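Please look over the sequence and the structure below before reading on. The briefing that follows takes up one topic at a time.

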Number of protein chains: 2
Amino acid sequence: MPVGSGEQARVELAKQLEQAGHQSPSGSHGIYGRGADFEAVIDGLAKALVALEKPDETVQRMFFPPLEPRAAYLKTDYLASFPQLTGAVDTFTGNDKDHKALLKVYEEGGEWADTLVPSGLMMVPATCHNVYPRYAGELPEPVRVEARSWCFRHEPEVDPMRMVCFRIYEQVYIGTADGAQEHRDVWMNNYVALFKDLGLGVTTDVANDPFFGRAGRMLAVGQKSEALKFEVLTDIYDDKQTAIASGNAHRTHFGENFGITLPDGSLAHSSCAGMGMERATIALLVRHGMDVSAWPADVKDRLGL
Amino acid sequence: MPVGSGEQARVELAKQLEQAGHQSPSGSHGIYGRGADFEAVIDGLAKALVALEKPDETVQRMFFPPLEPRAAYLKTDYLASFPQLTGAVDTFTGNDKDHKALLKVYEEGGEWADTLVPSGLMMVPATCHNVYPRYAGELPEPVRVEARSWCFRHEPEVDPMRMVCFRIYEQVYIGTADGAQEHRDVWMNNYVALFKDLGLGVTTDVANDPFFGRAGRMLAVGQKSEALKFEVLTDIYDDKQTAIASGNAHRTHFGENFGITLPDGSLAHSSCAGMGMERATIALLVRHGMDVSAWPADVKDRLGL
């Protein structure tokens with residue numbers, strides 16, 4: 001059941017998660033340690049997702065680290081569209097003398113991080129961004145990929161449903177226009193059916209990404225009016241529904257930016273569906289209670305718990 | 001069997017891992033995608049580690065994201081000891097006008113990342129760093145933690161055994177001096193026994209961390225002469241053994257820096273043992289072949305494969 005409204009409800013949910021051992025604060029909003037039961041639910045959801053794949057379709061499985069090279073990051077246009085969410089990794093490449101200078105800045109209370117230099121690595125903002133560079137070139141036939149990665153979006157908030165570091169497990173398709181559309185719709189239906197089987201009340205709605213700034217607002221309107229993005233929403237709080245999964249049709253955006261073509265020479269279309277693994281897990285904890293061992297038997301069965 | 005010497009051997013191993021679907025290059029050394037078989041071995045090793053725990057000891061399980069707050073990072077003295085490995089995350093906090101300026105720098109080929117600002121988040125360099133802040137204060141009794149995290153060390157190299165992003169699964173102890181020493185030694189023995197059961201030839205040796213600079217060389221000598229750090233080494237290449245696990249006694253280093261005390265008011269000691277999950281997996285692939293399904297039955301059994 002929903003835990004109430006406003007900031008108080010967010011704080012209350014965080015407290016419930018902490019007391020039950022599902023969430024351990026780090027001192028930074030959106031960066032949380034997790035307990036064993038929490039991880040078991042994520043593993044169970046991952047297995048349930050794999051079980052939804054059609055047996056006659058070949059699915060590539062890919063597991064990614066939390067960082068990607070800058071070259072791949074820039075090709076996604078993320079710097080133009082979502083700069084406010086970006087994470088760029090700096091490091092230290094100096095000598096002994098430079099190190100002494102860095103430590104002096106630190107000891108004097110200055111911004112020592114300003115003396116670091118770009119490493120050329122970026123935090124991965126979306127799991128599927130890892131996939132497209134791997135298919136640059138001509139694609140003999142459409143591909144389906146199950147991809148897992150840690151993602152980063154810099155939006156620190158009290159709300160435990162809003163994380164800075166979190167996992168998105170995605171089903172990605174690269175191929176034809178019709179195939180991309182169908183893939184997204186099939187997986188949105190898969191998600192809805194799975195969540196309903198797990199006892200979660202969910203709805204779907206057209207949505208838009210949080211494009212940055214004034215130009216971004218127009219992009220968001222366009223995305224919404226073309227129904228490119230859908231979200232699966234559930235009731236965590238009384239005042240606002242929360243997305244726990246989404247599906248995106250990208251048209252030829254990634255095909256063009258990563259140079260992925262079909263045998264007829266046309267640009268590949270792509271689409272993805274992704275589940276926010278921590279969000280889905282918290283939604284289940286809110287629905288069935290903080291004690292996973294006391295969840296309904298059919299829910300535990302479905303998740304292999 | 002070892003794959004040879006020098007850079008050629010490293011390139012050859014990377015190629016073998018790629019051809020077998022275990023490793024997918026990203027364009028940056030040390031950042032790799034993984035395949036399903038590779039991940040299954042990591043999961044199997046993780047389960048084998050849990051099975052080694054003594055049944056009469058309570059073990060807390062903690063799972064962490066790849067980032068930690070700067071305050072925790074600074075308390076570990078990492079900035080002074082290992083600046084060359086550090087990853088600090090920058091982000092964009094400006095307005096529309098700042099964003100236009102950023103994009104202009106980018107379009108003109110300038111260093112756009114220099115216009116970003118510190119987010120206050122750092123890449124986690126070692127899994128156990130996540131643990132100590134969670135026990136600040138008085139410890140009623142010693143604690144044992146099994147902790148899992150992605151770690152970051154900025155040392156990009158061709159060698160697939162040298163990663164920038166990788167997972168260390170650790171057994172951490174915080175408590176008495178004797179307990180800390182025993183914990184490290186018990187787990188070093190556990191690792192050696194497990195690797196031998198899995199058919200890997202391993203040795204152990206005193207080791208030191210790669211402390212930075214001239215002052216760092218003295219710290220390394222001290223660490224080695226006091227036998228605080230041990231490594232479990234195996235033959236991947238002909239020219240040099242490779243560490244796949246290590247054990248560290250920290251004395252009161254973390255107890256002091258994180259303010260962890262025992263009931264008698266003294267500073268807590270700590271120790272940890274950690275396995276490089278990707279390194280251990282690659283060592284097994286080198287030993288038993290790239291086709292996991294063809295590994296010896298007893299090895300597969302032990303890993304639940």
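How many salt bridges are there between chain B and chain A? In this predicted model, the count between the two chains is 2 salt bridges, and one that can be located by name joins R70(B) to E111(A), with the closest N and O atoms 3.1 Å apart.

**The contact between the chains**

- The contact draws on 61 residues from chain A and 61 residues from chain B, and the area buried between these chains is about 5000 Å².
- Carbon and sulfur atoms give 66% of that buried area, while in chain B the residues that lose the most area to chain A are F63(B), L79(B) and W112(B), which together account for 12% of what that side buries.
- The size of an interface is often given as the accessible area lost when the parts come together.

**Polar and charged links**

- Besides the 2 salt bridges, there are 18 residue pairs in polar contact between chain B and chain A, counted where both residues are at pLDDT 80 or more.
- On the side of chain B that touches chain A, the residues divide into 35 nonpolar, 16 polar and 10 charged.

**Strands that pair across the contact**

- Strand β5 (residues 88-91) of chain A pairs with strand β5 (residues 88-91) of chain B in the antiparallel sense, over 3 bridges.
- Within this pairing, D90(A) stands opposite A88(B) in β5(B).

**Strands that pair within chain A**

- β5(A), the strand that pairs with chain B, is also joined to β6(A) by 4 bridges, and these two strands run antiparallel; here A88(A) has M122(A) as its bridge partner in β6(A).
- Strand β6 (residues 117-123) of chain A is joined by 3 bridges to strand β4 (residues 67-69) of chain A, again running antiparallel, and the partner of L67(A) in β6(A) is M123(A).
- In a regular strand the side chains alternate between the two faces of the sheet.

**The build of chain A**

- The secondary structure of chain A comes to 10 helices and 14 strands.
- The radius of gyration of chain A is 21 Å, close to the 19 Å that the globule rule gives for 305 residues, so chain A is as compact as a globular protein of that length.
- Along its principal axes, the C-alpha trace of chain A spans about 60 × 55 × 35 Å.

Methods. Residues numbered from 1 in each chain as written. Chains lettered and ligands numbered in written order. Predicted model: local features only at pLDDT ≥ 70, side-chain atom pairs only at ≥ 80, totals over all residues. Heavy atoms only, no water. Contact = heavy atoms within 4.5 Å. Buried area = accessible area lost by both parts, 1.4 Å probe. Salt bridge = Lys/Arg side-chain N within 4 Å of Asp/Glu carboxyl O. Polar contact = N/O pair within 3.5 Å; in protein donor to acceptor, adjacent residues only side chain to side chain. Nonpolar A, V, L, I, M, F, W, Y, C, P; charged D, E, K, R; others polar. Pairing = 2+ DSSP bridges. Rg over C-alpha atoms; globule rule 2.2 N^0.38 Å.
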